[in-house]
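Q: Hey, I've just opened this one and I'm new to it. Can you walk me through a few spots?
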Amino acid sequence: MTWIEGRFEENVITTTMEDAMNWGQQSSIWPMTFGLACCAIEMMATGASKYDIDRFGAGAFRATPRQADLMIVAGTVTCKMASRVRRLYEQMPDPKYVIAMGACTVGGGPYFKYGYHVVKGVDLVVPVDVYVPGCPPRPEALLEGLMRIQDKIKQRKVTRGESQLPVPHHSGYSALNV
Amino acid sequence: MDINEIHAILLEEFGEAAVGAAPHDCIDPWIQVAAESIVDVATFVRDDERMRFDHLNDLCGCDYFEPDEKKAKKFDHEPHVEVVYHLSSMSLIHRMKLKVSVPRWKDNAEGSLPEVPSVSSVWAIADWHERECYDLVGIHFTGHPNLRRILCPEDWEGHALRKDYEMPLDYHGIRNR
Ligand code: SF4
(Lines give C-alpha, C1' and ligand atoms only; values in the text may rest on other atoms or scores of the structure.)
Protein backbone atom coordinates (compact mmCIF):
# COMPACT_ATOMS: atom_id res chain seq x y z
CA MET A 1 0.00 0.00 0.00
CA THR A 2 1.75 3.10 -1.13
CA TRP A 3 0.82 6.55 -0.02
CA ILE A 4 -0.93 7.35 -3.26
CA GLU A 5 -3.43 4.49 -3.24
CA GLY A 6 -7.00 5.42 -2.43
CA ARG A 7 -6.27 9.10 -2.58
CA PHE A 8 -7.80 9.78 -6.01
CA GLU A 9 -11.27 9.68 -7.45
CA GLU A 10 -11.62 8.15 -10.88
CA ASN A 11 -10.83 10.25 -13.91
CA VAL A 12 -10.80 13.73 -12.48
CA ILE A 13 -7.90 14.71 -10.33
CA THR A 14 -7.78 17.92 -8.44
CA THR A 15 -4.51 18.82 -6.90
CA THR A 16 -2.18 21.69 -6.45
CA MET A 17 0.66 22.37 -8.80
CA GLU A 18 3.07 21.88 -5.95
CA ASP A 19 1.74 18.48 -5.01
CA ALA A 20 1.78 17.35 -8.60
CA MET A 21 5.35 18.47 -9.09
CA ASN A 22 6.54 17.00 -5.85
CA TRP A 23 4.71 13.79 -6.57
CA GLY A 24 6.32 13.55 -9.98
CA GLN A 25 9.71 14.23 -8.57
CA GLN A 26 9.52 11.89 -5.63
CA SER A 27 8.36 9.08 -7.87
CA SER A 28 11.29 9.36 -10.22
CA ILE A 29 14.37 9.93 -8.16
CA TRP A 30 17.29 8.97 -10.29
CA PRO A 31 20.29 7.92 -8.27
CA MET A 32 23.82 8.13 -9.46
CA THR A 33 25.72 4.94 -10.28
CA PHE A 34 28.50 5.21 -7.85
CA GLY A 35 29.78 2.84 -5.21
CA LEU A 36 32.90 3.22 -3.15
CA ALA A 37 33.28 0.03 -1.13
CA CYS A 38 31.44 -2.97 0.25
CA CYS A 39 28.19 -1.05 0.83
CA ALA A 40 27.88 -0.72 -2.92
CA ILE A 41 27.26 -4.46 -3.11
CA GLU A 42 24.23 -4.00 -0.91
CA MET A 43 23.14 -1.07 -3.03
CA MET A 44 23.34 -3.33 -6.07
CA ALA A 45 21.24 -5.89 -4.25
CA THR A 46 18.72 -3.14 -3.57
CA GLY A 47 18.63 -2.40 -7.26
CA ALA A 48 18.28 -6.03 -8.27
CA SER A 49 15.06 -7.97 -8.61
CA LYS A 50 14.59 -9.20 -5.06
CA TYR A 51 14.39 -5.78 -3.40
CA ASP A 52 13.81 -3.82 -6.57
CA ILE A 53 14.38 -0.16 -5.86
CA ASP A 54 12.45 0.51 -9.07
CA ARG A 55 9.22 0.03 -7.14
CA PHE A 56 9.92 3.47 -5.75
CA GLY A 57 10.81 4.94 -9.09
CA ALA A 58 14.44 5.14 -8.17
CA GLY A 59 15.76 2.35 -10.34
CA ALA A 60 17.23 4.40 -13.13
CA PHE A 61 20.85 4.56 -12.01
CA ARG A 62 22.44 7.28 -14.07
CA ALA A 63 26.04 7.07 -15.11
CA THR A 64 26.51 10.81 -15.00
CA PRO A 65 25.91 13.26 -12.17
CA ARG A 66 24.22 15.66 -14.59
CA GLN A 67 21.20 13.40 -14.89
CA ALA A 68 20.98 12.35 -11.28
CA ASP A 69 18.86 13.66 -8.41
CA LEU A 70 20.14 11.48 -5.66
CA MET A 71 23.62 10.58 -4.62
CA ILE A 72 23.82 7.40 -2.57
CA VAL A 73 27.28 7.53 -1.06
CA ALA A 74 27.73 3.80 -0.60
CA GLY A 75 31.04 3.00 0.97
CA THR A 76 34.19 4.27 2.58
CA VAL A 77 35.10 7.78 1.51
CA THR A 78 38.85 8.15 1.49
CA CYS A 79 40.63 11.46 1.63
CA LYS A 80 41.71 10.94 -1.94
CA MET A 81 38.12 10.37 -3.02
CA ALA A 82 36.64 13.24 -1.01
CA SER A 83 37.41 15.94 -3.54
CA ARG A 84 35.92 13.77 -6.31
CA VAL A 85 32.76 13.18 -4.29
CA ARG A 86 32.47 16.91 -3.78
CA ARG A 87 32.91 17.58 -7.46
CA LEU A 88 30.30 14.99 -8.42
CA TYR A 89 27.91 16.58 -5.97
CA GLU A 90 28.49 19.98 -7.44
CA GLN A 91 27.86 18.65 -10.94
CA MET A 92 24.41 17.37 -10.01
CA PRO A 93 21.55 19.70 -10.94
CA ASP A 94 19.34 21.08 -8.19
CA PRO A 95 17.29 19.86 -6.40
CA LYS A 96 19.68 17.18 -5.26
CA TYR A 97 19.68 14.83 -2.34
CA VAL A 98 22.34 12.78 -0.62
CA ILE A 99 21.99 9.52 1.29
CA ALA A 100 24.94 8.56 3.46
CA MET A 101 24.79 4.81 3.35
CA GLY A 102 26.67 2.73 5.89
CA ALA A 103 28.70 3.33 9.02
CA CYS A 104 31.68 4.54 7.01
CA THR A 105 29.87 7.44 5.43
CA VAL A 106 27.88 8.21 8.55
CA GLY A 107 30.97 8.70 10.67
CA GLY A 108 34.02 6.72 9.67
CA GLY A 109 32.67 3.38 10.81
CA PRO A 110 35.24 0.65 11.36
CA TYR A 111 37.96 3.05 10.23
CA PHE A 112 37.15 5.70 12.78
CA LYS A 113 40.19 5.18 14.93
CA TYR A 114 42.92 3.73 12.77
CA GLY A 115 41.85 4.60 9.26
CA TYR A 116 44.48 7.19 8.52
CA HIS A 117 43.05 8.04 5.14
CA VAL A 118 39.29 7.73 5.77
CA VAL A 119 37.04 10.76 5.97
CA LYS A 120 35.17 10.56 9.25
CA GLY A 121 31.74 10.97 7.77
CA VAL A 122 30.79 12.16 4.33
CA ASP A 123 28.91 15.07 5.89
CA LEU A 124 32.30 16.73 6.22
CA VAL A 125 32.38 16.83 2.44
CA VAL A 126 28.81 17.15 1.14
CA PRO A 127 25.53 18.00 2.90
CA VAL A 128 23.68 14.82 3.80
CA ASP A 129 19.90 14.50 3.86
CA VAL A 130 19.41 11.00 5.17
CA TYR A 131 21.76 8.77 7.14
CA VAL A 132 21.35 5.03 6.78
CA PRO A 133 23.44 3.30 9.45
CA GLY A 134 24.62 -0.30 9.31
CA CYS A 135 27.67 -2.13 8.14
CA PRO A 136 26.40 -2.67 5.54
CA PRO A 137 22.77 -1.60 5.89
CA ARG A 138 20.27 -4.14 4.69
CA PRO A 139 18.53 -3.32 1.42
CA GLU A 140 15.37 -2.68 3.41
CA ALA A 141 17.23 0.00 5.33
CA LEU A 142 18.33 1.68 2.14
CA LEU A 143 14.76 1.56 0.85
CA GLU A 144 13.66 3.13 4.13
CA GLY A 145 16.23 5.85 3.58
CA LEU A 146 14.90 6.37 0.10
CA MET A 147 11.38 6.75 1.47
CA ARG A 148 12.64 9.38 3.88
CA ILE A 149 14.07 11.24 0.89
CA GLN A 150 10.66 10.95 -0.73
CA ASP A 151 9.12 12.44 2.40
CA LYS A 152 11.53 15.27 2.15
CA ILE A 153 10.66 15.92 -1.45
CA LYS A 154 6.98 15.75 -0.61
CA GLN A 155 7.41 18.59 1.83
CA ARG A 156 9.18 20.80 -0.62
CA LYS A 157 7.61 24.19 -1.26
CA VAL A 158 7.64 25.13 -4.91
CA THR A 159 5.46 28.14 -4.30
CA ARG A 160 6.30 30.85 -1.83
CA GLY A 161 7.04 29.86 1.70
CA GLU A 162 9.57 27.75 3.49
CA SER A 163 9.91 24.04 2.93
CA GLN A 164 9.30 22.17 6.11
CA LEU A 165 11.36 19.27 7.19
CA PRO A 166 9.27 16.14 7.46
CA VAL A 167 8.73 14.72 10.89
CA PRO A 168 9.41 11.00 11.02
CA HIS A 169 6.47 8.96 12.13
CA HIS A 170 6.26 5.36 13.20
CA SER A 171 3.82 4.61 10.40
CA GLY A 172 6.56 5.52 7.98
CA TYR A 173 4.79 8.63 6.74
CA SER A 174 5.81 12.09 7.62
CA ALA A 175 3.39 13.73 9.96
CA LEU A 176 3.09 16.99 8.10
CA ASN A 177 1.02 17.74 5.07
CA VAL A 178 -0.16 14.20 4.39
CA MET B 1 64.77 -27.09 -6.09
CA ASP B 2 65.50 -26.97 -2.41
CA ILE B 3 66.38 -23.67 -0.74
CA ASN B 4 69.71 -25.07 0.45
CA GLU B 5 70.72 -25.97 -3.08
CA ILE B 6 69.69 -22.54 -4.29
CA HIS B 7 71.65 -20.96 -1.51
CA ALA B 8 74.73 -23.01 -2.38
CA ILE B 9 74.54 -21.88 -5.99
CA LEU B 10 74.08 -18.23 -5.01
CA LEU B 11 76.90 -18.46 -2.50
CA GLU B 12 79.20 -19.81 -5.13
CA GLU B 13 78.20 -17.10 -7.57
CA PHE B 14 78.08 -14.04 -5.31
CA GLY B 15 79.91 -14.85 -2.09
CA GLU B 16 78.90 -14.56 1.51
CA ALA B 17 78.86 -10.78 1.66
CA ALA B 18 76.08 -10.65 -0.92
CA VAL B 19 73.79 -13.53 -0.02
CA GLY B 20 74.17 -14.20 3.70
CA ALA B 21 75.81 -17.17 5.40
CA ALA B 22 72.94 -19.63 5.26
CA PRO B 23 69.25 -19.72 4.39
CA HIS B 24 67.11 -18.87 7.42
CA ASP B 25 65.54 -22.00 8.70
CA CYS B 26 61.82 -21.74 9.38
CA ILE B 27 58.53 -22.75 7.81
CA ASP B 28 59.11 -20.39 4.94
CA PRO B 29 62.88 -20.28 4.60
CA TRP B 30 64.43 -17.26 2.99
CA ILE B 31 67.78 -16.07 1.76
CA GLN B 32 69.11 -12.77 2.94
CA VAL B 33 70.56 -10.60 0.18
CA ALA B 34 72.58 -7.42 0.54
CA ALA B 35 70.82 -4.36 -0.86
CA GLU B 36 73.59 -3.54 -3.34
CA SER B 37 73.50 -6.96 -4.96
CA ILE B 38 69.76 -7.51 -5.20
CA VAL B 39 69.51 -6.62 -8.89
CA ASP B 40 72.36 -8.96 -9.82
CA VAL B 41 70.97 -11.77 -7.71
CA ALA B 42 67.48 -11.23 -9.10
CA THR B 43 68.69 -11.27 -12.69
CA PHE B 44 70.71 -14.40 -11.97
CA VAL B 45 67.89 -16.39 -10.38
CA ARG B 46 65.58 -15.40 -13.17
CA ASP B 47 67.90 -16.43 -15.98
CA ASP B 48 69.77 -19.38 -14.53
CA GLU B 49 68.76 -22.70 -16.12
CA ARG B 50 68.48 -24.46 -12.77
CA MET B 51 66.22 -21.89 -11.12
CA ARG B 52 64.24 -19.91 -13.69
CA PHE B 53 62.37 -17.74 -11.18
CA ASP B 54 60.35 -16.06 -13.87
CA HIS B 55 57.53 -14.87 -11.66
CA LEU B 56 57.52 -12.34 -8.85
CA ASN B 57 54.44 -13.25 -6.83
CA ASP B 58 54.71 -10.35 -4.48
CA LEU B 59 57.03 -7.76 -3.15
CA CYS B 60 56.33 -6.48 0.33
CA GLY B 61 57.79 -4.02 2.70
CA CYS B 62 57.90 -4.63 6.41
CA ASP B 63 58.75 -2.33 9.26
CA TYR B 64 60.40 -3.86 12.32
CA PHE B 65 59.95 -1.29 15.03
CA GLU B 66 58.13 -0.89 18.32
CA PRO B 67 57.19 2.71 19.09
CA ASP B 68 55.93 1.92 22.59
CA GLU B 69 58.91 2.16 24.93
CA LYS B 70 57.58 -0.42 27.37
CA LYS B 71 56.93 -2.99 24.71
CA ALA B 72 60.17 -2.13 22.94
CA LYS B 73 62.12 -3.88 25.71
CA LYS B 74 60.51 -7.15 24.80
CA PHE B 75 60.82 -6.55 21.10
CA ASP B 76 63.67 -8.81 20.01
CA HIS B 77 64.50 -7.31 16.63
CA GLU B 78 66.89 -4.55 15.70
CA PRO B 79 64.73 -1.77 14.24
CA HIS B 80 64.96 -2.02 10.46
CA VAL B 81 62.82 -2.23 7.36
CA GLU B 82 62.73 -5.17 5.03
CA VAL B 83 61.77 -5.84 1.47
CA VAL B 84 60.57 -9.37 0.81
CA TYR B 85 60.56 -10.87 -2.66
CA HIS B 86 58.29 -13.86 -3.15
CA LEU B 87 59.42 -15.73 -6.21
CA SER B 88 58.19 -18.73 -8.05
CA SER B 89 59.13 -20.51 -11.19
CA MET B 90 56.34 -21.29 -13.61
CA SER B 91 58.42 -23.74 -15.61
CA LEU B 92 60.20 -25.62 -12.81
CA ILE B 93 57.42 -25.30 -10.19
CA HIS B 94 59.37 -24.19 -7.17
CA ARG B 95 59.40 -21.16 -4.93
CA MET B 96 61.66 -19.10 -2.77
CA LYS B 97 61.87 -15.88 -0.82
CA LEU B 98 64.57 -13.27 -0.84
CA LYS B 99 64.88 -10.59 1.78
CA VAL B 100 66.73 -7.32 1.81
CA SER B 101 66.96 -5.42 5.04
CA VAL B 102 67.99 -1.81 5.37
CA PRO B 103 68.03 0.68 8.25
CA ARG B 104 64.77 2.50 8.94
CA TRP B 105 66.23 5.81 7.85
CA LYS B 106 69.09 6.45 5.51
CA ASP B 107 72.19 7.55 7.45
CA ASN B 108 70.03 7.54 10.59
CA ALA B 109 68.58 10.89 9.58
CA GLU B 110 64.87 10.67 10.34
CA GLY B 111 62.86 11.44 7.23
CA SER B 112 65.39 10.41 4.62
CA LEU B 113 64.19 7.18 3.09
CA PRO B 114 66.39 4.09 2.95
CA GLU B 115 67.39 3.01 -0.52
CA VAL B 116 67.03 -0.34 -2.22
CA PRO B 117 67.80 -0.83 -5.92
CA SER B 118 64.68 -1.42 -7.99
CA VAL B 119 64.09 -4.82 -9.58
CA SER B 120 61.49 -3.47 -11.98
CA SER B 121 63.98 -4.03 -14.79
CA VAL B 122 64.07 -7.73 -13.89
CA TRP B 123 60.37 -8.40 -13.32
CA ALA B 124 58.17 -5.71 -14.83
CA ILE B 125 55.43 -6.30 -12.25
CA ALA B 126 57.77 -5.01 -9.56
CA ASP B 127 57.05 -1.53 -10.89
CA TRP B 128 53.70 -1.22 -9.12
CA HIS B 129 54.68 -3.32 -6.13
CA GLU B 130 57.59 -1.03 -5.51
CA ARG B 131 55.42 2.03 -5.85
CA GLU B 132 53.08 0.62 -3.24
CA CYS B 133 55.98 -0.26 -0.99
CA TYR B 134 57.35 3.24 -1.39
CA ASP B 135 53.95 4.74 -0.71
CA LEU B 136 53.12 2.82 2.43
CA VAL B 137 56.40 1.68 3.97
CA GLY B 138 58.65 4.45 2.71
CA ILE B 139 61.47 2.69 0.92
CA HIS B 140 63.11 4.52 -1.91
CA PHE B 141 63.72 2.22 -4.85
CA THR B 142 66.63 3.62 -6.77
CA GLY B 143 66.47 3.24 -10.53
CA HIS B 144 62.69 2.90 -10.55
CA PRO B 145 61.22 4.45 -13.73
CA ASN B 146 58.26 6.13 -12.05
CA LEU B 147 58.47 6.15 -8.28
CA ARG B 148 55.31 7.99 -7.29
CA ARG B 149 52.66 7.22 -4.71
CA ILE B 150 50.18 4.69 -5.99
CA LEU B 151 47.47 4.52 -3.31
CA CYS B 152 47.63 7.68 -1.25
CA PRO B 153 47.18 11.09 -2.86
CA GLU B 154 50.32 12.60 -4.35
CA ASP B 155 50.58 15.25 -1.66
CA TRP B 156 50.20 12.83 1.24
CA GLU B 157 52.73 13.15 4.00
CA GLY B 158 54.47 10.25 5.63
CA HIS B 159 54.27 6.55 4.98
CA ALA B 160 51.30 4.97 6.60
CA LEU B 161 52.56 1.50 7.43
CA ARG B 162 55.59 2.76 9.32
CA LYS B 163 55.00 1.81 12.93
CA ASP B 164 55.67 5.31 14.19
CA TYR B 165 53.36 6.91 11.66
CA GLU B 166 51.11 9.65 13.03
CA MET B 167 47.66 10.03 11.52
CA PRO B 168 47.18 13.47 9.99
CA LEU B 169 44.68 15.58 11.90
CA ASP B 170 43.27 17.04 8.76
CA TYR B 171 43.66 16.74 5.06
CA HIS B 172 42.82 19.72 2.86
CA GLY B 173 40.43 21.05 5.45
CA ILE B 174 38.66 17.76 6.05
CA ARG B 175 38.83 16.75 9.66
CA ASN B 176 40.47 13.36 9.99
CA ARG B 177 39.73 12.46 13.58
S1 SF4 C 1 29.91 0.62 6.38
FE2 SF4 C 1 30.74 -1.45 6.43
S3 SF4 C 1 29.93 -2.41 4.57
FE4 SF4 C 1 29.72 -0.20 4.31
S5 SF4 C 1 31.54 0.47 3.24
FE6 SF4 C 1 31.94 0.68 5.42
S7 SF4 C 1 32.94 -1.22 6.02
FE8 SF4 C 1 31.94 -1.58 4.05
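This is a predicted model: local features need pLDDT of at least 70, side-chain atom pairs count only at pLDDT 80 or more; totals for chains, interfaces and linings use all residues.

Q: Okay, and where is A:Q26 placed?
A: A:Q26 sits in helix α1 of chain A, which covers residues 17-26.

Q: Is A:Q26 buried or exposed?
A: Buried: the relative accessible area of A:Q26 is 1%. The cut-off for buried is under 20%, so A:Q26 counts as buried with its 1%.

Q: Got it. What about the next helix, which residues of α2 in chain A are buried?
A: Helix α2 of chain A spans residues 39-47, and its buried residues are A:C39, A:A40, A:E42, A:M43 and A:T46.

Q: Where do those sit around the axis of α2(A)?
A: On the same side of α2(A), because they cover an arc of only 155° around the axis. As a general point, an α-helix has 3.6 residues a turn, so residues three or four places apart point the same way.

Q: And what's on the face turned away from the buried side of α2(A)?
A: That face carries the exposed residues A:I41 and A:M44.

Q: What covers the buried residues of α2(A)?
A: The cover includes three elements of chain A: β1 (70-74), β2 (97-101) and α5 (139-154).

Q: Let's hop to chain B. How many helices and strands does chain B have?
A: Chain B has 5 helices and 8 strands. Starting at the N terminus, the order in chain B is α-α-β-α-β-α-β-β-β-α-β-β-β.

Q: What's the radius of gyration of chain B?
A: It comes to 18 Å for chain B. A compact globule of 177 residues would have a radius near 16 Å, so the value for chain B agrees with that. The box filled by the C-alpha atoms of chain B is roughly 55 × 40 × 30 Å along the principal axes.

Q: How much of chain B is buried?
A: Buried residues are 46% of the 177 in chain B. The accessible surface of chain B is about 9,700 Å², and carbon and sulfur atoms account for 50% of that.

Q: What about contacts in chain B between residues at least 6 apart in sequence, what share joins residues at least 24 apart?
A: Of those contacts in chain B, 53% join residues at least 24 apart.

Q: And charges, how many positive and negative side chains are in chain B?
A: There are 19 positive and 34 negative side chains in chain B, with the centres of the two sets 7 Å apart.

Q: Last one: what is phi of B:D107?
A: Phi of B:D107 is near 55°, a positive value in a residue other than glycine. B:N108 has a positive phi too, near 60°. B:D107 is in the chain B loop between β4 (94-102) and β5 (115-117), and B:N108 is in the loop between β4 and β5 as well.

Q: Are B:D107 and B:N108 buried or exposed?
A: B:D107 is exposed, at 69% relative accessible area, and B:N108 is exposed, at 70%.

Conventions
Residues are numbered from 1 along each chain as its sequence is written. Chains are lettered from A and ligands numbered from 1 in the order in which they are written. Side-chain values use heavy atoms; hydrogens and water are left out. Helices (H or I, at least four residues) and strands (E, at least two) are DSSP runs, numbered from the N terminus. The radius of gyration is taken over C-alpha atoms; the globule rule is 2.2 Å times the number of residues to the power 0.38. Buried means under 20% relative accessible area, exposed over 50%, partly exposed in between (1.4 Å probe, protein chains only). Contact means heavy atoms within 4.5 Å. Accessible areas come from the Shrake-Rupley method with a 1.4 Å probe; for residues, only the protein chains shown count as cover. Lys and Arg count as positive and Asp and Glu as negative; His and the chain ends are not counted. The place of a charge is taken as NZ of Lys, CZ of Arg, CG of Asp or CD of Glu. The arc is that of the directions from the helix axis to the C-beta atoms.
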